[in-house]
Amino acid sequence: MIYVVLSILLLIGIGFYFYNSQKELATYQSPDGQYELVIKNEKGIFSPTMPGDGGAGSIPVVVVLKDADGKVIGKSSDNTDCDIFNDSIEIEWDIKNEQVWYGRGKTINLKTGKVEC
């Protein structure tokens, strides 16, 4: 009985790992190597879709800014006015002004994590 329960828990763990890895669409490293920008799929497996919703470019994504240690500094979802779709991602690092542009008019401050658009 213990082996059955451990096997089920192991399968759940493996499934959760692969589910989370599928949500990560792209990763961008800053030119100075101090920051990382991760683009994640916001939709779940069971999210409803309609015919004509489009392909991978039209899915809503969350942009996550992390420091060199992997600590989350800010997320695009922190400001609901700054939502973005996968095909609208345009990454531009502005280290001098302490911000990263992840779309037209959409930025995350590298120090404070404040999201503006």
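View 1. Along the sequence the pattern reads α-β-β-β-β-β-β-β-β-β. Please keep in mind that this is a predicted model: local features need pLDDT of at least 70, side-chain atom pairs count only at pLDDT 80 or more, and totals for chains, interfaces and linings use all residues. Residues are numbered from 1 along each chain as its sequence is written, and side-chain values use heavy atoms, with hydrogens and water left out. The mean pLDDT (the predictor's confidence in each residue, from 0 to 100) is 83, and 80% of the residues reach 70 or more. Where pLDDT is low, the predicted coordinates should not be read in detail.

**View 2. Surface and interior of the protein.** Of the 117 residues, 27% are buried; buried means under 20% relative accessible area, exposed over 50%, and partly exposed in between (1.4 Å probe, protein chains only). The protein exposes about 8000 Å², and carbon and sulfur atoms supply 56% of that area. These areas come from the Shrake-Rupley method with a 1.4 Å probe, and for residues only the protein chains shown count as cover. Among contacts (heavy atoms within 4.5 Å) with a separation of 6 or more, 45% join residues 24 or more positions apart.

**View 3. A nonpolar patch on the surface.** Met 1, Ile 2, Tyr 3, Val 4, Val 5, Leu 6, Ile 8, Leu 9 and Ile 12 make up this patch, with about 1000 Å² of accessible area together. Patches are made of residues with over 30% relative accessible area and no salt bridge; like charges are joined within 9 Å, and nonpolar side chains (Val, Leu, Ile, Met, Phe, Trp, Tyr) within 5 Å. Leu 6, one of the patch residues, belongs to helix H1 (residues 2-23) and is partly exposed, at 49% relative accessible area.

**View 4. Strand E3 and its pairing partners.** How many of the eight residues of E3 are buried? Seven are, which leaves this strand mostly covered. Strand E3 (residues 60-67) pairs with E4 in the antiparallel sense over three bridges; two strands count as paired if DSSP finds at least two bridges between them. In that pairing, Leu 65 stands opposite Gly 74 of E4. Four residues lie between the two strands of this hairpin, and Gly 70 takes a positive phi near 90°. Strand E2 (residues 35-41) runs antiparallel to E3 and is joined to it by seven bridges, with Lys 40 facing its bridge partner Val 62 in E3. E5 also pairs with E3 in the antiparallel sense, over two bridges, and there Val 61 has Ile 84 as its bridge partner.

View 5. Leaving aside residues up to four places away in sequence, Ser 76 touches Val 61, Val 62, Val 63, Cys 82, Tyr 102, Ile 108 and Val 115.

**View 6. The open four-stranded sheet.** The strand order is E6-E7-E8-E9, with antiparallel pairing. E6 and strand E9 (115-116) are the edge strands, each pairing on one side only. Three bridges connect E6 and E7 in the antiparallel sense, and Glu 92 has Trp 101 of E7 as its bridge partner.

**View 7. Two salt bridges.** A search of the whole structure finds two salt bridges, each defined as a side-chain nitrogen of Lys or Arg within 4 Å of a carboxyl oxygen of Asp or Glu. Arg 104 and Glu 90 form one of them, at 3.2 Å from N to O. Arg 104 sits in the loop between strand E7 (99-103) and strand E8 (106-109), and Glu 90 in the loop between strand E5 (84-85) and strand E6 (92-94), so the pair ties together parts that are 14 residues apart in sequence. Arg 104 is exposed at 71% relative accessible area, while Glu 90 is partly exposed at 39%. Glu 116 and Lys 114 also form a salt bridge, with their closest N and O atoms 3.6 Å apart. Here Glu 116 counts as partly exposed, at 40% relative accessibility, and Lys 114 as exposed, at 52%.
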